[in-house]
Amino acid sequence: MIRLVGVTRTYEVGGRPVHALAGIDEHIAPGEHVAIMGPSGSGKSTLLNVIGCLDRPSSGRYVLAGRDVSELGERELDLVRRNDIGFIFQSFHLVGRLSALENVELPLLFAGVGRRERRERAVKALSAVGLADRATHRPDQLSGGERQRTAIARALVTQPKVLLADEPTGNLDTKSGGQVLDLLDRLHHEGITLVVVTHDPNVARRAERLIVLVDGRIAKRLPAAEVRSLDELFAPAPTRDTP
Amino acid sequence: MRALDLFRFAAGALTRHLLRSGLSLLGVAIGVTAVVVLVSLGESARRYVLDQFASIGNNLLIVVPGKTETSGAFPGLGGAPNDLTLADVAALKRQVRGVADVAAMSAGTETVEARDRRRQVAVLGATDNFLRVRRLELARGEFLPSDEAERGRAVAVIGTQVARELFPGADPIGQVIRIGSWRFRVIGLVAPMGTQLGINIDEIVIVPVATGLKMFNRTSLFRVMVELAPGADAEETERRVVALLTERHGEEDVTVLSQDSVVSAASGILRALTLAIGAIAGISLAVAGIGILNVMLVSVTERTREVGLLRALGAGRGQVLWVFLIEAALLSSVGGLVGLAAGAGLTALFGQIFPALAGPPPAWAAAAAFLTALSTGVTFGLLPARRAARLDPVEALRTSK
């Protein structure tokens, strides 16, 4: 599903090049659940942005679902994000003035889906995350867990091939975090390809395997069972990924 | 993305900040109102003036002594223009085809006295047909007799205001008035008419034209009004009038104003003034545009994260641009509509207070004001919209606000 070959991403900061990604080679199979860990500044988020076609590699190749997207133009990348990718963010990124249902409809709105079909699909997606009865609530009337589940419904409503989550439980308490992780597990079992960036070993442990990034390179590949030993890898482990 | 959805999305963003949106909308509304009301008043004034001209008849040629155009002769060498005389008037009436009637006028200002009351008035020398040619009516008595123009009998017709002031509460007909050192018997009273073409008909004294010339010691008439025969061609008749007078005077030394040329000149001047006033009012729309610019810049800054999200969800730069551009367009067009409504209301109110200026705002002014408002909004909305569209989605998502 996702194949990265020699992917680099270099920024200019104050006139100096910063190598956020310094040559990533990785293959993620369809339906796989992969966690990405690493210390702050290791390039986790950049890698997720490249995979999500929000950012483009400076060099290297990226093949998504059999299609080389590293050479695509901006408009084509818009379409890839629209059709093939679902994003989940640490801070939910719901639009405050819109109801839960309208938030879920947003991707369909920009995809030009008609009003009636939009509503149907959004209701279905909200039901799938157990929030059918919260459809008319605005984000500030929802709990943190409900907000993230709304965001997940929004990511799913376009039926993407890949779901990308950046610290999905970073702003949640343990209980609602657990509910969100259960939901992601279920989606994974239903066949979606899931990539989760996290600091939290409890989140990473749910993945089938783990990639550890250090200084823009893959430092380790581990089965998830070995996650516990990671605590020492970049201790002290921060709890949040705030830029 | 469908247009209707785009509008709904943009409108939703605007209603989130009602006060802010309302204020910038108000700026546009005031600008549009100003344009509509001022242009509407200007147009009403123009219509009023045109009506004034129409009221004196649309089949007149006015002959004025002297040439208003540069003749090409060295100044001073051409000498004073020849007099326009009563003989000329008679010749015009007799010899020019297409002329129905000719009215001669002399003019001056003199002190008019009755018993111990006196005042300065405009004294008009006129022929018996003056009343008909100028479309005036008598309130009482009779007008100058037809055979007296040349003999210059001492009779006068006075305006109602003059009558009120000289003979308060008394019947002026048959009374004697002194104009300068001349004595006249009042034989008629002109019906109240108010100011017409700059002359207040109510405040004049009309005497036979020959008397008028003598009184002011003039040899030349002030104006000659030529009434065209029904169906006569104005331009053709004008040429014949000029030709005859040129022949009689030995040179072309008169100016002929046709009703049409005077009306179109006045109309053109007033239209230009109206446009100038409208354009000045339009400047306020530019100020309103800057208000929109400001609000939209704030909005883009506040919603940087939203822009990042929309991009992550697959919205293209173009779609983001449209979202903000439509917001600016909505602000300015709703403001424009409010302004049009207020403008129509104010115009109607003015019409109630000053009936002479009544009339709906011209459609072209309303359309121009609205389109200017809309295009100002879009123009000033373009900068913030482009700023939003150019945001890097990764950076935008990371913004803390």
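Begin in chain B by selecting helix H1(B): B:Leu6, B:Phe7, B:Phe9, B:Ala10, B:Ala11, B:Ala13 and B:Leu14 meet B:Trp322, B:Val323, B:Ile326, B:Glu327, B:Leu330 and B:Leu331 of H10(B). Contact here is C-beta atoms, placed from the backbone, within 7 Å. This is a predicted model, where local features need pLDDT of at least 70, side-chain atom pairs count only at pLDDT 80 or more, and totals for chains, interfaces and linings use all residues. Residues are numbered from 1 along each chain as its sequence is written, with chains lettered from A and ligands numbered from 1 in the order in which they are written.

Show residues 3-15 (H1) and 317-353 (H10) of chain B: their axes come within 9 Å and cross at roughly 65 degrees. The helices are therefore roughly perpendicular (65 to 115 degrees).

Buried means 20 or more other C-beta atoms, placed from the backbone, within 10 Å of the residue's own. A:Val162, A:Leu164 and A:Asp166 point one way, A:Leu163 and A:Ala165 the other.

S6(A), residues 85-88, pairs with S7(A) in the parallel sense over four bridges, and A:Gly86 has A:Leu163 as bridge partner. S8(A), residues 193-197, runs parallel to S7(A) and is joined to it by five bridges; there the partner of A:Leu163 is A:Leu194.

Technical notes:
A residue is buried if 20 or more other C-beta atoms lie within 10 Å of its own, exposed if 12 or fewer, and partly exposed in between; C-beta atoms are placed from the backbone. Helices (H or I, at least four residues) and strands (E, at least two) are DSSP runs, numbered from the N terminus. Two strands pair if DSSP finds at least two bridges between them. Axes are lines fitted to C-alpha atoms, for helices over the stretch in contact, and angles run from 0 to 180 degrees between N-to-C directions. Angles under 35 degrees count as roughly parallel, over 145 as roughly antiparallel, 65 to 115 as roughly perpendicular and the rest as oblique. Two residues are in contact if their C-beta atoms, placed from the backbone, lie within 7 Å.
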